[in-house]
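Biologist: I would like to learn how to read the contacts between chains and the packing within them. Could we go through a model together, feature by feature?

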Protein chains: 4
Amino acid sequence: MLESLKQEVYEANLLLPKYGIVTFTWGNVSGIDRERGIFAIKPSGVPYETLRPEDIVLVDLETGKVVEGELNPSSDTPTHRVLYQEFPTLGAVVHTHSSWAVAFAEAGLPVEALGTTHADSFYGDVPVTDALTREEIESAYEENTGKVIVRTFSKLGLDPDAVPAVLVRQHGPFTWGPTPKKAVENAKVLDVVAEMNYHALQLTRADCRVPQYLLDKHYYRKHGAHAYYGQAQK
Amino acid sequence: MLESLKQEVYEANLLLPKYGIVTFTWGNVSGIDRERGIFAIKPSGVPYETLRPEDIVLVDLETGKVVEGELNPSSDTPTHRVLYQEFPTLGAVVHTHSSWAVAFAEAGLPVEALGTTHADSFYGDVPVTDALTREEIESAYEENTGKVIVRTFSKLGLDPDAVPAVLVRQHGPFTWGPTPKKAVENAKVLDVVAEMNYHALQLTRADCRVPQYLLDKHYYRKHGAHAYYGQAQK
Amino acid sequence: MLESLKQEVYEANLLLPKYGIVTFTWGNVSGIDRERGIFAIKPSGVPYETLRPEDIVLVDLETGKVVEGELNPSSDTPTHRVLYQEFPTLGAVVHTHSSWAVAFAEAGLPVEALGTTHADSFYGDVPVTDALTREEIESAYEENTGKVIVRTFSKLGLDPDAVPAVLVRQHGPFTWGPTPKKAVENAKVLDVVAEMNYHALQLTRADCRVPQYLLDKHYYRKHGAHAYYGQAQK
Amino acid sequence: MLESLKQEVYEANLLLPKYGIVTFTWGNVSGIDRERGIFAIKPSGVPYETLRPEDIVLVDLETGKVVEGELNPSSDTPTHRVLYQEFPTLGAVVHTHSSWAVAFAEAGLPVEALGTTHADSFYGDVPVTDALTREEIESAYEENTGKVIVRTFSKLGLDPDAVPAVLVRQHGPFTWGPTPKKAVENAKVLDVVAEMNYHALQLTRADCRVPQYLLDKHYYRKHGAHAYYGQAQK
């Protein structure tokens, strides 16, 4: 069932170690079939070296129940599910503990847009959520992790398609995109821009945020109807 | 004698270069057979590329004497022995000079629990010991290194099973676990969380320690009777 | 047409991932045939793993129009063109988003000449441009990126042969050289000296710029009629 | 002539890229035959990938003239020669531009002994020289580089066998040892301890230098008649 989605999710999971954004089993990728209302996700705690396409677990979006698969799905499955439910354009979700992004999450700081490398992928700062409360942590923790992300985007008026990344405070990054591959690329970009941002912040105390018109230029050079980067418009 | 333990310790030693937490021969792993009261440890100064399972040295826990092996055991053997004697649940001990952990040991600072990456493996801050005194260094240095670790855990009321890692001040990390493989994984986790912690500390002067209920949630998500991460409970 | 130039530009583009100064497709190399007034450049958004010599696009220097090639040229083509037009000695141009150089570009700081590693390749500080204005960004953005580089060199009285690198503020590095290979080497050197410079700046607040006579010594040890580094003068 | 020395020097040069302490051709290793008064050194500017044992150049210690070899010797040859002349116990000399060591050289700071990792190889701080004067740079620059190293050791009363490393201010590290392999290992250790030291210095303003008795313990654990690390004493 949904063999090609499982294959796609499997391959995207293997990109995490390839891109150097995962240690041990600390990351997972899911992808969704919106028509069927089913998403495919990495099983919990399985090393990438031994992961097989048939290990990918299928989960029902509405009920959150496993519909196919021998293994337990990622313990972060309820977070993925909330993101799919609340952000209806998402095709895939990624969670990692990549080092630079986690450093910002631990410090409780957004990854501000300081340059074109950032603006090419994220249309503005990548926000950091509030810390979860004791109550949120002790009950339905992973679901509440999804909810605090949604609340952050709502409060800041952010479009998840334009800013496909977030830092959960005291925890780490979640990213997303139209496809599993693109969502993993966003996870890598986030870590790279967090690294650049970190070093820029150590070099100067000046406010280095780029102006809105630079965000507009670079983001729309690569996204939307007037994009002119790459070969698509050829 | 104890061929499977020697094989296990041999393989765990090879994980040190694989995980990028060792330079030259600056690391060693041991594992213990509690029933026989014998532990197996890397020989001193032997490069990982030429190490063979039969080079692993067997040491008597009670006397500290070599009971099998042609080579000298690690010069850190007396430290391993004290840890096995004083922390009776340990199945394996690891010592490295991994760069991020050493930086904290040199600065004399604990690796504070700043996020879930930390809490998944360590139930609270990874402590730093006092510096050894002149007398402790000049007599039975390696044994006293073990003792200052035990004293630190005692003074802080820490459970070595819950916090399977320590920084010896001016020196570097020791970690442990139920098996050699798990103890090496803890050595890698410690270096990764030290790296994240370092960058978070440079980004902000705010106190970023996570609250106790987050430690509880993440630590017990992966450990103990109610763990629900991974496939064990399936 | 211009097969050997295309081959040379192709090979130089592959050096970007080899030298670790590119993520995804964030970099491009071009080379010019000055006699014919044609330059060869990487196509836009094509991954290095699948790039072929025949994919390299040929562009007319005077008109900026593609004269051969199925694919769109790099979106940065107008920047390359301005540099070739205004700096007539250039044989090749490189653009990357290498992490250390970008950090300085984001912080709006030049990479100062702090040592012989720098002086061996760059005869003085690598300058940072002004930020582009809203008008410059909204009209002919990539062309204006070239113009702000030229303006910076003119204002500072710099010789582009002696300082074959620049940081475009809020963006990243451009480097150049007599050949595509040499221009890519300059891109790598720039990232390495930016890394060294960053760490030196964190270690001390003293002014560490090297004196002019050290610049003279090291630069002319490797460049010009009296160079005595390497085998050329043998 | 001196085939085995040339082979040894060749192999030690290849360790520089293997250990990740060299970019392009920015490093060189030499070794000496004290009986014949001849040292063997890397040719200038030759990439490590194409270097062959027969390319190694033989130089007369007394005259500084090439006695065998088709290629120009390293431009740093006069520095190596001064070190061999003034430090008569040296068997090999290494020069690199490794990133962490250069950062300290650029900042004009010694690499202080902050831990056992340092003390295992260097019996105290690794010193930084004064900057060369204009006159020293403009005449016999490379020879004067050797002289400022010797002057620094003399002024500080250091034994080059006990501290087999130095930072030349505004330039980078030179290390040495009894053999080419050991001298390259010292170059790697220096870069690793500089990295640890850098991070420790960013973490705290406390003075973290280790006491003399720790230096004594760790240095003499690995060196001299009472060493007990490794297998030599077995």
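Modeller: We will go through one interface, the arrangement of the chains, a helix and some salt bridges. Please keep in mind from the start that this is a predicted model.

Biologist: How should I read the extent of an interface, and how many residues of chain A are in contact with chain C?

Modeller: The size of an interface is often given as the accessible area lost when the parts come together. Here the area buried between chain A and chain C is about 3000 Å², with carbon and sulfur atoms giving 57% of that area. In terms of residues, 35 of chain A are in contact with 34 of chain C.

Biologist: How are chain A and chain B related to each other?

Modeller: Chain A is superposed on chain B by a rotation of 90 degrees with 0.0 Å of shift along the axis, at an RMSD of 0.0 Å, and the two copies are thus related as by a four-fold rotation axis. Within chain A, the C-alpha nearest the axis belongs to A:Gln202, at 5.6 Å from it. The copies use different surfaces, since 6% of the contact residues of chain A recur in chain B.

Biologist: Which distance separates the nearest C-alpha atoms of chain A and chain D?

Modeller: Chain A and chain D do not touch, and their nearest C-alpha atoms are 11 Å apart. Chain B and chain C likewise do not touch, with nearest C-alpha atoms 11 Å apart.

Biologist: Turning to packing, how many residues of helix α3 of chain A are buried, and what do they pack against?

Modeller: Helix α3 of chain A, residues 99-107, is mostly covered, with nine of its nine residues buried; among them are A:Trp100, A:Phe104 and A:Glu106. The buried residues of α3(A) pack against β6 (165-168), β7 (172-177) and α7 of chain A, and also against α4 (116-119) and α7 (180-203) of chain B. Just after α3(A), A:Gly108 takes a positive phi of about 75 degrees.

Biologist: How do I read salt bridges, and how many does the rule find across the interface of chain A and chain C?

Modeller: Side chains of opposite charge can pair when their charged atoms come close. The rule finds two salt bridges across the interface of chain A and chain C, including one in which the side chains of A:Arg221 and C:Asp76 meet at 3.6 Å, N to O.

Biologist: Where in chain B do B:Glu68 and B:Lys6 lie?

Modeller: Their side chains meet in a salt bridge at 2.5 Å, N to O. B:Glu68 lies in strand β4 (residues 66-68) of chain B and B:Lys6 in helix α1 (residues 3-18) of chain B, so the pair ties together parts that are 62 residues apart in sequence. B:Glu68 is partly exposed, with a relative accessible area of 23%, whereas B:Lys6 counts as buried at 4%.

Definitions and conventions: Residues are numbered from 1 along each chain as its sequence is written. Chains are lettered from A and ligands numbered from 1 in the order in which they are written. This is a predicted model: local features need pLDDT of at least 70, side-chain atom pairs count only at pLDDT 80 or more; totals for chains, interfaces and linings use all residues. Side-chain values use heavy atoms; hydrogens and water are left out. Contact means heavy atoms within 4.5 Å. Buried area is the accessible area (1.4 Å probe) that two parts lose on being put together, summed over both. A salt bridge is a side-chain nitrogen of Lys or Arg within 4 Å of a carboxyl oxygen of Asp or Glu. Buried means under 20% relative accessible area, exposed over 50%, partly exposed in between (1.4 Å probe, protein chains only). Helices (H or I, at least four residues) and strands (E, at least two) are DSSP runs, numbered from the N terminus. Copies are superposed by least squares on the C-alpha atoms of residues with pLDDT of at least 70 in both.
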